[in-house]
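User: I would like to learn how to read the packing features of a folded chain. Could you take me through them in order, beginning with the overall fold?

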Amino acid sequence: MAFGVFIHRSDSIYDDSPAERYQFPAQYLSRAQPSIGDWILYYEPRKVAATRGYFAVAKVERIIPDPSTPAMYLALIEPGSYLDFATPVPFAGVNGPVERGVLNDQGRISGRAQSAVRPISAADFNRIVTLGLDDDALLLPRTGDAVADTVDDGHWHEERSPFLIEGERPRIASLTSRIVRDRIFRRTVLRAHDERCAITGLKLINGGGRAEVEAAHIRPVEANGPDIVSNGLALSGTAHWMFDRGLLSLADDLAILVSRQANDPDTIRGVVNASGYATAPARAADRPHPHFLQWHRAHCFKQ
């Protein structure tokens, strides 16, 4: 097993769904196979406008021939392993490339950096994951969480990701911890939605400086819903409650759907966005994905 880097761009011509599968041609098979059973980083190339750099981590469960496309393969992602970074990591900083394995013996960037699938050392993987999970401005939760936060003299203290010594096997517990994942998912979803409830359109900040919205999974974790922004909505407490219980849902075009089984549908329609559509993130790739919305309508929404 070995760590890897998979290049992915939001306008990819490949049949990619980063939290579920990564499609690649046969020429990369020998490079991808060592990652089976281990973790990979997703990287968006610098030539992409507003590139996110290294933007997520996931675990490769297995690799299979693509049944629909000859000479293509699919790296299947282990359910529940994908995680968007709280802070996307740029390719290079003040000290040069953060992935030092792309440098040649002369200290220059080699052709290895152009490889769509490539191995990455444990030291480079650790460095990038540590930077990606770190965020000095993590949004405080809407309400206190006795497990994730501690209170001392009335002040909130954020837990920091553990420091990883370069060269050691990364502390995978940080990538699999539900507490860590929930906090980062909240951060990425609320940032994408500008801390605004997608259903009501309201952006409310309480007296403690905390956004009065929650990060809701469209397809829940319990049903193998991934921690990817496109599987998330920023919702107020009441909207979140109604969404989870199937009283509200969204069409693929983000039209707000109100269940006929709601006991007071007219009042519900009175508090949702006046346009009748959920507000969407500015970045197209962050919008709720139809794949997850269809799952919610099929399994949660009370038609």
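Analyst: In this predicted model, the chain has 7 helices and 15 strands. Of its 303 residues, 48% count as buried. The accessible surface comes to about 14,700 Å², and 52% of that area belongs to carbon and sulfur atoms.

User: What share of the contacts between residues at least 6 apart in sequence joins residues at least 24 apart?

Analyst: The share is 66% in this chain.

User: How many aromatic pairs does the structure hold, and how is one of them read?

Analyst: There are 10 aromatic pairs. One of them joins F6 and Y22, with 4.6 Å from centre to centre and 25 degrees between the planes. The pair counts as stacked because planes under 30 degrees apart are given that label. F6 lies in strand β1 (residues 4-7) and Y22 in strand β2 (residues 21-25), so the pair links distant parts of the chain, 16 residues apart. Both F6 and Y22 are buried.

User: Which residues form one aromatic cluster with F6 and Y22?

Analyst: The cluster also contains F24, Y42, F55, Y73 and Y82. One of these members, F55, has a charged group over its ring: the charged end of R52 sits 3.7 Å from the ring centre. A second case involves the ring of Y43, where the charged end of R118 sits over the ring at 5.8 Å from its centre.

User: Let us turn to a single residue. Is A251 buried or exposed?

Analyst: A251 counts as buried because its relative accessibility is 17%, and the cut-off for that class is under 20%. Its place is in the loop between β14 (248-250) and β15 (256-258).

User: Which residues does A251 touch, leaving aside those up to four places away in sequence?

Analyst: A251 touches L257, L293 and R297. As for spacing, the C-alpha atoms of A251 and Y277 are separated by 9.0 Å, although these residues are 26 apart along the chain.

Note on methods: Residues numbered from 1 in each chain as written. Predicted model: local features only at pLDDT ≥ 70, side-chain atom pairs only at ≥ 80, totals over all residues. Heavy atoms only, no water. Phe/Tyr/Trp six-rings, centres within 6.5 Å; stacked < 30°, edge-to-face > 60°. Helix = DSSP H or I, 4+ residues; strand = E, 2+ residues; numbered from the N terminus. Buried < 20%, exposed > 50% of the residue type's maximum accessible area, 1.4 Å probe, protein only. Lys NZ or Arg CZ within 6 Å of the ring centre and 35° of its normal. Contact = heavy atoms within 4.5 Å. Areas by Shrake-Rupley, 256 points an atom, 1.4 Å probe, with all protein chains shown as cover.
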